[in-house]
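Notebook open, annotated site up next. I want to look up where its residues sit and what they touch.

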Amino acid sequence: MSDKATAVARDTVSGLLAEIEDIGRDPQRGGYSRPVYSAAEHQLREWFVAHAEKRGLEVEVDRNGAIWAWHAPDGTHTDAVVTGSHLDSVPGGGAFDGPLGVASALVAFDVLRSRDALGPRPLAIVVFPEEEGSRFGVACLGSRLLTGAIDPDRARALTDVDGNTFADIAVRGGLDPFRLGPDPDALARMAVFVELHVEQGRGLVDLDRPIAVASSILGHGRWRVSLTGEGNHAGTTLMCDRSDPMVAAGRLVSRIRDLARGQSAARATVGRLVPTPGGTNVIASRVDLWVDVRHPDDTVTTVLVEQIRQAAAILAAEEGCTAAMTEESFSPTVDFDASLRDLLASALSDAPVLGTGAGHDAGVLKDHVPTAMLFVRNPTGISHSPSEYVESDDGEAGAVALADALGLLLRGGGIPDESAGSALSDHQDQVADQ
């Protein structure tokens with residue numbers, strides 16, 4: 001191996017994440033706020049490109065803003081094994097949701113190269129934009145555009161809280177907004193996609209295991225409820241004369257909780273509420289709130305959403321207001337490719353198979369490409385929060401497990417060779433030597 005390759009092989013997951021630990025810190029919320037195409041997310045994209053080029057990978061940005069880093073020895077980009085994740089965050093999010101999968105993909109590439117296990121088949125690392133949907137309201141927007149799961153005209157017209165359209169921001173990001181949309185050629189290059197992610201729950205903590213293979217993703221969606229009343233002066237308007245949508249909103253938040261509790265395994269969350277005009281001494285004229293609803297049975301999700309819609313109409317009317325509810329995104333329950341799931345579970349013999357309630361780009365790709373996911377233990381069990389965490393040893397174990405999975409797929413299937421089983425201890429010895 002060249003001196004350059006040897007130097008690159010010394011990167012660790014924790015070391016890579018330490019390089020970006022000051023990018024996008026949120027002094028008000030805590031944690032990180034890294035919305036898509038913000039200054040912080042641009043810095044993260046540049047960080048990834050620099051590390052990809054350092055490894056001799058061929059970098060390109062597709063029409064929808066996804067970054068692809070290719071190892072293609074014979075120059076072809078077909079029948080590729082692909083891994084990756086995202087770099088954007090929710091407001092005040094944790095350090096690992098997204099970046100862990102990207103850093104682990106880079107280290108997995110190093111591990112495969114150190115094993116001389118890359119071979120002639122192409123391998124790509126991809127970074128999808130706007131996975132969280134924190135800026136434009138639609139989760140997994142990059143992968144939805146890629147697969148045609150969202151109409152490009154609708155995507156172009158999406159706006160952020162400052163009124164910027166996605167088309168405008170795409171231009172600032174160097175994209176042609178009129179080329180946004182389905183990319184069958186990019187999809188056709190992917191033979192399989194494996195995404196590593198921090199676990200967003202306590203499954204691995206309770207099982208005392210560092211790594212899991214994903215089985216499924218709960219069906220989930222986002223709906224916007226707009227409650228409209230009459231704006232007025234807080235001091236001159238008697239309580240009996242008010243049509244206050246904020247009161248209706250408060251009652252609705254509580255009712256949504258009760259409706260979700262009435263459905264076993266359901267989750268319903270109001271995480272964002274915006275009054276207009278938003279003055280302290282002003283009765284709001286309108287309140288918008290966003291509802292996230294999840295359940296493993298899509299039929300139950302549909303029923304619960306309809307119950308929320310009816311509750312919004314009734315509670316609004318009781319306050320002299322009106323209600324309108326619109327769907328912003330919906331992803332049906334995902335069952336990952338069973339043969340791929342079982343193959344990885346058999347190769348990673350200590351890894352349990354777990355479902356998740358969190359959405360991912362892998363779930364959007366599932367109907368177009370065989371997909372799988374690996375989860376890395378989060379000792380806090382908390383995600384979308386500054387308390388999200390991954391121990392350094394678990395991070396390294398995840399990267400090596402990803403390398404095992406990718407190496408298996410690069411060879412065309414089968415059980416990994418005996419040397420793969422000792423790769424984790426070899427890699428940890430290398431880390432300790434630093």
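Started with Asp97: it is buried at 5% relative accessible area, where buried means under 20%, exposed over 50% and partly exposed in between (1.4 Å probe, protein chains only).

Noted for the record that this is a predicted model, where local features need pLDDT of at least 70, side-chain atom pairs count only at pLDDT 80 or more, and totals for chains, interfaces and linings use all residues. Residues are numbered from 1 along each chain as its sequence is written, and side-chain values use heavy atoms, with hydrogens and water left out.

Looked up the Asp97 side chain next: it makes a polar contact with the side chain of Gln200 at 3.1 Å. I take a polar contact as a pair of N or O atoms within 3.5 Å; within protein, one must be able to donate a hydrogen and the other to accept it, and residues adjacent in sequence count only if both atoms are side-chain atoms.

Checked UniProt: the unreviewed entry puts a "binding site" at His86, Asp97 and His197. These residues span 112 residues in sequence, yet no two of their C-alpha atoms are more than 9.6 Å apart, so they gather at one spot. UniProt positions are in the numbering used here, feature names are shortened, and annotations may be inferred rather than shown by experiment.

Moved to His86, which is buried at 0% relative accessibility. A polar atom of its side chain lies 3.1 Å from the backbone oxygen of Asp88. Beyond four places in sequence, His86 touches residues including Asp97, His197 and Asp361; contact means heavy atoms within 4.5 Å.
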